[in-house]
Amino acid sequence: MANIMDYIQWRGDLTFSQAPLNPVDALIFSALAYVHYAGQTEAEPDSALTLKQAGEDLFAREDYETRARVKNDLILLRTAMESIRFGQSQIWMYRNQFSTEEQTQFAAMTFRLDDGSLFLAFRGTDSTLVGWKEDFNMTFQQTIPAQRLALQYARDVALADFGPLWLGGHSKGGNLAVFAAARSSPEVQQRIVGVFNNDGPGFTQYMMGDPGYLAMVPKIRTFIPQSSVIGMMLEHEEPYTVIRSKTVGLLQHDPYSWEVMGVNFVDGEEITETSQFVDATLKNRFAAMTNQERNQLVDVMYTLLSSADVERAADIFHPRNLHIYLKALSEDEQLRKFLSTEFMGFVDAAWKARAKLEQQRKEEKLLEETEA
């Protein structure tokens with residue numbers, strides 16, 4: 001089955017004036033946002049580079065291989081920049097802000113399409129520990145720094161260019177796109193054509209009744225793979241579309257695994273029982289915790305992981321670092337008791353989730369038998 005790389009080979013010779021932006025295009029721009037661009041991409045609209053020029057600048061640098069989250073991001077960039085559809089799009093107002101002290105990981109960029117519209121692409125969680133910490137901060141904070149930066153970014157772009165606006169992102173980037181749209185002024189919201197949330201988490205309960213969010217719900221398109229975990233986290237007011245992925249489990253979060261047919265994703269019908277179980281478990285546990293307790297759990301885990309030589313999430317499971325964690329646990333009885341209590345809390349939440357899902361299945365089976 002085809003993916004976004006194949007889509008570019010098939011659709012890449014058509015401009016956006018000839019074939020309007022669709023969900024697959026939106027995912028491609030969202031994935032391109034993971035690349036750490038260089039050169040003049042921070043420029044204002046009147047001196048913007050095309051994606052092809054920005055790509056050539058990046059690949060001419062000796063460190064280009066370090067400027068992406070995964071190898072596929074660079075392959076996607078090479079493929080997209082050589083196509084008419086994406087390569088001629090202008091990329092400008094690239095911003096990249098990272099702060100360990102403020103626990104902030106944010107990046108965004110704007111693509112001007114040949115039809116005059118603008119696509120604001122927000123970067124999702126990168127591979128840094130800080131990026132993951134900021135994600136977990138969403139569970140107890142009403143807003144995180146990246147969300148506030150996303151809103152300011154949308155305002156700045158709207159002031160710099162008066163074209164129609166598309167917003168989108170993958171993972172946390174999808175959440176940032178929704179937040180920026182929801183909190184924008186009514187004048188900016190009127191210019192927003194659509195918002196694409198690609199397997200991005202939702203919000204805590206406070207956002208569900210927000211007037212700006214509710215006004216944008218009809219324009220938000222949320223896509224999640226069948227085994228989604230990230231995209232099912234927290235609360236969503238907008239409906240979501242389930243799509244198929246070539247992989248299984250957590251690996252389905254990878255945008256390069258999403259199956260494409262024509263200008264759409266392949267329908268996945270419904271999320272898996274495993275995804276429902278994980279989602280119900282997390283919601284049960286978070287519902288039983290106060291914001292202060294969630295904060296404490298996230299801070300304790302972050303402090304423990306930071307005690308080792310960990311900058312990137314992949315470093316967490318290095319044998320050397322695992323030894324450091326075990327040593328810390330063996331020397332701190334209070335820490336052991338705290339994590340043991342939290343673990344049992346999640347176990348209890350899991351049992352409740354399983355019981356609820358089993359009851360739902362019984363009720364669905366009974367309804368089917370009655371209708372038959």
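## The largest cavity

Met138, Gln141, Gln142, Thr143, Ile144, Gln147, Asn175, Gly202, Phe203, Thr204, Tyr206 and Leu234 line the largest cavity in this predicted model. If you sort that lining by class, you will find five nonpolar residues, seven polar ones and no charged ones. The volume of the largest cavity is about 50 Å³.

How many cavities of 30 Å³ or more are there? The count comes to four. As background, rolling a probe the size of a water molecule over the atoms shows where empty space is left.

## The sheet

Now to the strands. Eight of them make up an open sheet with mixed pairing, and their order is β1-β2-β3-β4-β5-β6-β7-β8. Which strands sit at the edges? They are β1, covering residues 49-50, and β8, covering 240-243, and each of these pairs on one side only.

To see how β1 is attached, look at β2, residues 90-99: two bridges join this pair, and the two strands run antiparallel. Within the pairing, you can find Thr50 opposite Gln90 of β2.

## Helices against the sheet

Helix α7, residues 145-160, packs on the sheet and touches β2, β3, β4 (118-122) and β5 (165-170). The direction of α7 makes about 25 degrees with that of β3.

Helix α6, spanning residues 129-137, lies across β2 and β3, the latter being residues 104-112. What angle does α6 make with β3? Helix α6 runs at about 90 degrees to that strand.

Notes: Residues numbered from 1 in each chain as written. Predicted model: local features only at pLDDT ≥ 70, side-chain atom pairs only at ≥ 80, totals over all residues. Heavy atoms only, no water. 1 Å grid on protein atoms, 1.4 Å probe; cavity = no way out; pocket = protein on both sides within 12 Å on 5 of 7 lines; lining within 4 Å. Points joined across faces, edges and corners; volume = space filled by probe spheres on them. Nonpolar A, V, L, I, M, F, W, Y, C, P; charged D, E, K, R; others polar. Pairing = 2+ DSSP bridges. Helix = DSSP H or I, 4+ residues; strand = E, 2+ residues; numbered from the N terminus. Contact = heavy atoms within 4.5 Å. Axes fitted to C-alpha atoms, helices over the stretch in contact; angles between N-to-C directions.
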